[in-house]
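Okay, thanks for making time, everyone. I'd like to walk you through one structure today, so let me put it on the screen.

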Amino acid sequence: MAQQAHDASVSDWAGGRSPFAVGSKKLGMWLFILSDTLTFTALLVAYTYVRVANEGWPRPFEPSSIALASVMTFCLLSSSLTMVLAVAAAHRGDRATAAKWIWATIAGGLAFIVLHGYEWMQLIEHGVTPFGNPWGVPLFGATFFTLTGLHMTHVTAGVIYLAIVAQGFRGGRFDSEDVEVSGLYWHFVDLVWMFIFPLVYLLSNVI
Amino acid sequence: MSDEHSHNRLYLTVWVVLLVVTVVEVVLAYVNLSIMLMLSTLVILSVFKAALIVAYFMHLRFEKFSLFLSLIPMLLICVILMFAFPLPDGARVLELKP
C-alpha cells in the first residue's frame, strides 16, 4: 500500500484514495455551498432582470440606509475574520480560545440580524412590503424581500449552527474539522452579502 | 509558532483589504459615473472580494488544485450563463413597452 502511494503511475482517480485530500464533511459542505451559490445567483438574476425591465424602479434606500448597510457589511466581514481565527485556534487544539472566537463571530452575526431587521421595519413602515409599495412596483418588494430574506435565513441558521459547534467543540464532542466546516458555511454567507450589498444597495444610488 | 503568526497576519491583511475595497465601493456610489462604468466596476470589485474570501478565508488556495478545478470553473460558467441570457432580454422587454 505504501509502495503504491509512491508509485507515480497509479492515478489519484484509480480508486481507494481521496483525490481531493479533504474529509467527507468538508467536501459535503463545499458541494452544498456550490448549489446554494446557484440558488442565490438565480435570485440575484431575478432581482436584476425585473429591475432592468421596469421603469420607475423604487429607490427607497436613503443615505442613512446605505450607511447602515455599510455597517452591516463591516459586521459580516469582521465576523469572517474572527471565524478564521477560531478555525486556526481549533487546529492548534486550543478549545477555549476557539470557542471564544466563535462566540465573537456569533456576536457579529447577531449585530447583522438586528441591523437588517431594523432596516426592514423602517421599509415596512414606509409602506414597502413584499406585496406592494408606494411606487406601484410590487415586484420590488417580492424580489428584494425574497433575496435578503433568504440571506437573513442563512445568517440566522448560521448563528444557531455556530452556537452548537462552539458548545460541542468546547465540550470535546466535535473535532477541529467540524469547526472548519462551519467556518466554510459562515464565509459563504459573508460572500453572498458581498454581492447583495453593491447590486441592491449601492446601485440604487445611481439608477 | 512563527508560521502561525504569519498566518494570522495574512488573515488580518485580507480583512483590511476587504474593508478598503468596501469603502471604495461605497465612495463609488456617491461619485457621478456612467451607469455601465459603475456597474462593471462594482461587479469587478465584488468578484475580487469574493475571490479573496474563497482563497484565504475558505482556504481554497491551500487545498489540492483538483478540488479547485472541480468546484470553481463550472460554477463560474453557470453563473455567467445565468446572467448573460436574461439581462439583455430584460432590456429588450423595457424597449417593447409602449
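Quick definition before the first number: I call two residues in contact if their C-beta atoms, placed from the backbone, lie within 7 Å. With that in hand, take the contacts in chain A between residues at least 6 apart in sequence: 76% of them join residues at least 24 apart. And please keep in mind that this is a predicted model.

Let's stay with chain A. How many helices and strands does chain A have? We get 6 helices and 0 strands, so if you read the elements from the N terminus on, that's α-α-α-α-α-α. For overall dimensions, the C-alpha trace of chain A spans about 70 × 40 × 25 Å along its principal axes. The radius of gyration of chain A comes out at 21 Å, while a compact globule of 207 residues would be near 17 Å. As for burial, 37% of the 207 residues in chain A are buried.

Now the helix packing. Two packed helices are described by the angle between their axes and the distance between the axes. I've got two pairs to show you.

Pair one is helix H3, residues 63-92, with helix H6, residues 176-202, both in chain A. Their axes come within 9 Å and cross at roughly 165°. Angles over 145 degrees count as roughly antiparallel, so that's what we call H3(A) and H6(A). The crossing here is left-handed. Residues making this contact include Leu76(A), Leu77(A), Met83(A) and Val87(A) from H3(A), and Trp186(A), Trp193(A), Phe197(A) and Tyr201(A) from H6(A). Sorted by class, the residues of the H3(A)–H6(A) contact come to 15 nonpolar, 6 polar and 2 charged.

Pair two is H2(A) with helix H5 of chain A, residues 138-170. The axes of H2(A) and H5(A) come within 10 Å, crossing at roughly 160°, and these two are therefore roughly antiparallel to each other as well. H2(A) and H5(A) also make a left-handed crossing. On the H2(A) side you'll find Leu43(A), Leu44(A), Ala46(A), Tyr47(A) and Val50(A). H5(A) brings Leu139(A), Thr143(A), Phe144(A), Thr146(A), Leu147(A) and Leu150(A). The tally for the H2(A)–H5(A) contact is 9 nonpolar, 2 polar and no charged residues.

On to where the chains meet. The contact takes 37 residues from chain A and 38 residues from chain B. On the chain B side, the elements that give two or more residues are helix H1 (2-30), helix H2 (35-57), helix H3 (65-84) and helix H4 (86-96). Which of them gives the most? That's H1(B), with 12 residues. By class, the chain B side has 27 nonpolar, 6 polar and 5 charged residues.

In chain A it's Ala21(A), at about 55°, sitting in the loop between helix H1 (2-6) and helix H2 (24-53). Ala21(A) has 13 C-beta neighbours inside 10 Å, so it counts as partly exposed. In chain B it's His59(B), with a phi of about 70°, in the loop between H2 and H3 of that chain. His59(B) counts as partly exposed too, because it has 17 C-beta neighbours inside 10 Å.

That's my bit, thanks.

How values were computed:
Residues are numbered from 1 along each chain as its sequence is written. Chains are lettered from A and ligands numbered from 1 in the order in which they are written. This is a predicted model: local features need pLDDT of at least 70, side-chain atom pairs count only at pLDDT 80 or more; totals for chains, interfaces and linings use all residues. Axes are lines fitted to C-alpha atoms, for helices over the stretch in contact, and angles run from 0 to 180 degrees between N-to-C directions. Helices (H or I, at least four residues) and strands (E, at least two) are DSSP runs, numbered from the N terminus. Angles under 35 degrees count as roughly parallel, over 145 as roughly antiparallel, 65 to 115 as roughly perpendicular and the rest as oblique. A crossing is left-handed if the near helix is turned anticlockwise from the far one by less than a right angle, and right-handed if clockwise. Ala, Val, Leu, Ile, Met, Phe, Trp, Tyr, Cys and Pro count as nonpolar, Asp, Glu, Lys and Arg as charged, and the others, Gly among them, as polar. The radius of gyration is taken over C-alpha atoms; the globule rule is 2.2 Å times the number of residues to the power 0.38. A residue is buried if 20 or more other C-beta atoms lie within 10 Å of its own, exposed if 12 or fewer, and partly exposed in between; C-beta atoms are placed from the backbone.
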